[in-house]
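Please look over this entry before you use it.

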Amino acid sequence: MVGFKATDVPPTATVKFLGAGTAACIADLITFPLDTAKVRLQIQGENQGLVKAKVSAQYRGVLGTILTMVRTEGPRSLYNGLVAGLQRQMSFASVRIGLYDSVKQFYTKGSEHAGIGSRLLAGSTTGALAVAVAQPTDVVKVRFQAQARAGSGRRYQSTVDAYKTIAREEGLRGLWKDDLPCHFTSAFGAGFCTTIIASPVDVVKTRYMNSAQGQYSSAGHCALTMLRKEGPRAFYKGFMPSFLRLGSWNVVMFVTYEQLKRALMASYTSREAPF
């Protein structure tokens, strides 16, 4: 395989932290249009009845959604919320992936033999920390992806404006607008099965994050409203772009992460031993 060779020195916590965040940002840059298409499909028909939503659907399918956005809003619309998205990846992936080994070693007191309990505990700890740190960026990202670039109905003019407006109008709780079970449910597993299991939770999460203050009293209320107004199929809106993004994002992220770790460690060892 073309790339940097592995070094004999294991990567430091700093290398893992920076490498994971940077690799996640690169993966997000490549797959962001799929994520935006997913959000548009997930919120489509939210304020309409079941029959009316089917008739007046603006977006149909992955390619149809992307082409419609490019035609009506321009190519840049596919990257609405990119700044907040990169902020989210740098904070979430750095903590969730970059600190996992360090937290695992903490729970095992430095032992090389980590049981399933220690691994689950380390994963839960870094996952909770990552959610707590990155949650505001996720809220802003979703809201930017949901709003159309064209027209006068834009809710926010910039990323900084979004943070300020949400904090002013909804309080700090508005920036942490989500139920933790939503994140943990959608975080477990991988591939097609994950998308099947996590898609309903992901749709509810997107709707709830994007909702105006007072629209839903909780994530559960949001789910019940969706079921009543749009039927069970609403929970699988955006399924295909979600599945495509999950697979491609993971491939790009972990391949890039390994190469970045090797590159950073090669640079580190060359500075430590120049001769």
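Predicted model: local features only at pLDDT ≥ 70, side-chain atom pairs only at ≥ 80, totals over all residues.

1. Residues are numbered from 1 along each chain as its sequence is written, and side-chain values use heavy atoms, with hydrogens and water left out.

2. The protein has 12 helices and 0 strands. Helices are DSSP runs of H or I with at least four residues, strands are runs of E with at least two, and numbering starts at the N terminus.

3. Of 275 residues, 47% are buried. Buried means under 20% relative accessible area, exposed over 50%, with partly exposed in between (1.4 Å probe, protein chains only).

4. Contacts are heavy atoms within 4.5 Å. Among those with a separation of 6 or more, 75% join residues 24 or more positions apart.

5. The disulfide count is 0, taking a pair of cysteine sulfur atoms within 2.5 Å as the criterion. Cys 25 is buried at 13% relative accessible area. Cys 222 is buried too, at 0%.

6. Helix H11 spans residues 219-230. Its 12 residues reach 16 Å from first C-alpha to last, close to the 16 Å expected at 1.5 Å a residue (1.5 Å times one less than the number of residues).

7. Which residues of H11 are buried? They are Ala 219, Cys 222, Ala 223, Thr 225, Met 226 and Glu 230. Exposed Leu 224 and Arg 228 sit on the face turned away from the buried side.

8. Gly 231 follows H11, with a positive phi near 85 degrees.
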